[in-house]
Amino acid sequence: MSTHHQIVIIGGGSAGITVAARLKRAGASDVAVIDPSDVHYYQPLWTLVGGGRARDAQSVRPMSWVIPRGVHWIHDSVTGISPESCSIALASGDTITYDRLVVAAGIQLNWDGIPGLADAMGHDGMSSNYDYYLAPKTWENVQRTRSGTAIFHMPAGPIKCAGAPQKIAYLAADYWREQGVLDNIRKIMILPTPGMFGVKVWSDVLVDVAARYGFEVHLNTVVTSVDAAAHTMEIKNNETGETQTLPYNFAHMVPPQSAPDWLAATPLVDADSPFGYMAVDKFTLQSTKYPEVFGLGDCTNTPNSKTGAAIRKQAPVVVENLMATLKGGVGSGHYDGYASCPITTSRKKLLLCEFDYDLNLRPSLKGVDQTKEIVDYNRFKKVGLPRLYWDFMLKGRV
Ligand SMILES: Cc1cc2nc3c(=O)[nH]c(=O)nc-3n(C[C@H](O)[C@H](O)[C@H](O)COP(=O)(O)OP(=O)(O)OC[C@H]3O[C@@H](n4cnc5c(N)ncnc54)[C@H](O)[C@@H]3O)c2cc1C
């Protein structure tokens, strides 16, 4: 069966739903969202779930609740896109055609990207906040750990919320401090980057935070394999080439990430991206190859930090520019790379890092020095940001 919609959005995640709501507000009459998932997640809360500060159920709602009124929901998976014929192939065998397409398909978690990781994941002290079902396990493991070696890992390559691998490290360490067992635990952080963060002012603060808890930080380092049976992992310093085998009693692991395979196989791909991301103009968010196609969120090759906060600024740009093309014009929407990363540095404090493509600081809290840790974030991160997300961003109001 083939069906036509004026505007089709692939993905009903943070980006897809926000754009759908904004398109309806802008007067678009025929909008469809394709997504196979029955539920929609507010993923930033998974950090707090793993850190014992929130419950998993608070991060999920039925997809039917978040699809904006008047938007068609096509409950199916996209398997391919033929931009030359403006058509989309679905897993059911149906075809959808469009006048305009928005690709918001999110990122793919490659659990097989590190040999042994998939086998070890979820067992014997290893978990990940990057999955709804595994985040509660992180908290179980944090509480169970009283001694031994704890490893916190970030993979190479772009990932969503690059601050999340560190956030859980500090939440766990602060809990162990409260429990009086911090010094009994060897705490190791493995980062592929040359520094703790891409912006120097916050990188310097994080050096102090990690030292405060006694972390051994391995920079420029990756995990090359995990041995589930032996409870060890192999690490390699990419600068020196040195390798080591580390034992673990606790491990928080983040899988390598890429664009979804089916998206990387379409003509929309950035051929220069080793991770298969979709090619868009980084300011207009329009496909560099097909003017009737736009893309935003985690699946594109824009060099911003992949966060929901970035999507909040990208969505109005996509809507403005897409609607302008429907009237035969060119939109003036311009995305400057804004992203925000609230890094929890303890169970009460956070660093609110906000910056753009040029790594300029973009603070949004008036009268607050955001280069320092903000004390008592609980209301902000646990109550304020989720409310901003569910009640305002997903409804196209901010
Ligand atoms: C642990 C963690 C902590 C985070 N912390 C923060 C934070 O503090 N602040 C922040 O701003 N961001 C944070 N993020 C990042 C943020 O959640 C993501 O950047 C954001 O959700 C990306 O939105 P998206 O719409 O691009 O992708 P998603 O929200 O992942 O949505 C993608 C959608 O595409 C659908 N889809 C997939 N395949 C197909 C297909 N074949 N056909 C149709 N649909 C498909 C999926 O079902 C999904 O609904 C965090 C993420 C994690 C995991």
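## Two domains

Domain bounds here come from an automatic or database domain assignment. The chain divides into domain 1 (2–107 + 259–337) and domain 2 (110–256). This is a predicted model, in which local features need pLDDT of at least 70 and side-chain atom pairs count only at pLDDT 80 or more, while totals for chains, interfaces and linings use all residues. Residues are numbered from 1 along each chain as its sequence is written.

The C-alpha centres of the two domains lie 31 Å apart. Domain 1 gives 16 residues to the contact and domain 2 gives 19 (residues are in contact if their C-beta atoms, placed from the backbone, lie within 7 Å). On the domain 1 side, helix 2 (residues 45–50) supplies the largest share, four residues. Helices (H or I, at least four residues) and strands (E, at least two) are DSSP runs, numbered from the N terminus. By class, this side of domain 1 has six nonpolar, seven polar and three charged residues. Ala, Val, Leu, Ile, Met, Phe, Trp, Tyr, Cys and Pro count as nonpolar, Asp, Glu, Lys and Arg as charged, and the others, Gly among them, as polar.

## Helix 1 against helix 9

Two packed helices are described by the angle between their axes and the distance between the axes. The axes of helix 1 (residues 14–25) and helix 9 (residues 308–326) come within 9 Å and cross at roughly 35 degrees. Axes are lines fitted to C-alpha atoms, for helices over the stretch in contact, and angles run from 0 to 180 degrees between N-to-C directions.

Helix 1 brings Ser14, Ala15, Thr18, Val19, Arg22 and Leu23. They meet Gly308, Ile311, Ala315, Pro316, Val318 and Val319 in helix 9. By class, this contact has eight nonpolar, three polar and one charged residues.

Five strands form an open sheet in the order 10-17-11-12-13, with parallel pairing (two strands pair if DSSP finds at least two bridges between them). Strand 10 (126–127) and strand 13 (215–218) stand at the edges with a single partner strand each, so one side of each has no neighbour in the sheet.

Strand 12 (residues 185–190) and strand 13 pair over four bridges. Met189 has Val217 in strand 13 as its bridge partner. Helix 6 (residues 164–178) packs on the sheet. This helix touches strand 11 (148–153), strand 12, strand 13 and strand 17 (250–252), and its direction makes about 155 degrees with that of strand 11.

## Two hairpins

Strand 14 (residues 221–227) and strand 15 (residues 232–237) pair antiparallel over six bridges. Val226 is bridged to Met233 in strand 15. Four residues separate the strands of this hairpin, and His231 in the turn has a positive phi of about 55 degrees.

Strand 15 also runs antiparallel to strand 16 (residues 243–247), joined by five bridges. Here Glu234 has Thr245 in strand 16 as its bridge partner. This hairpin has five residues between the strands, and Gly241 takes a positive phi near 80 degrees.

Conventions
Contact = placed C-beta atoms within 7 Å.
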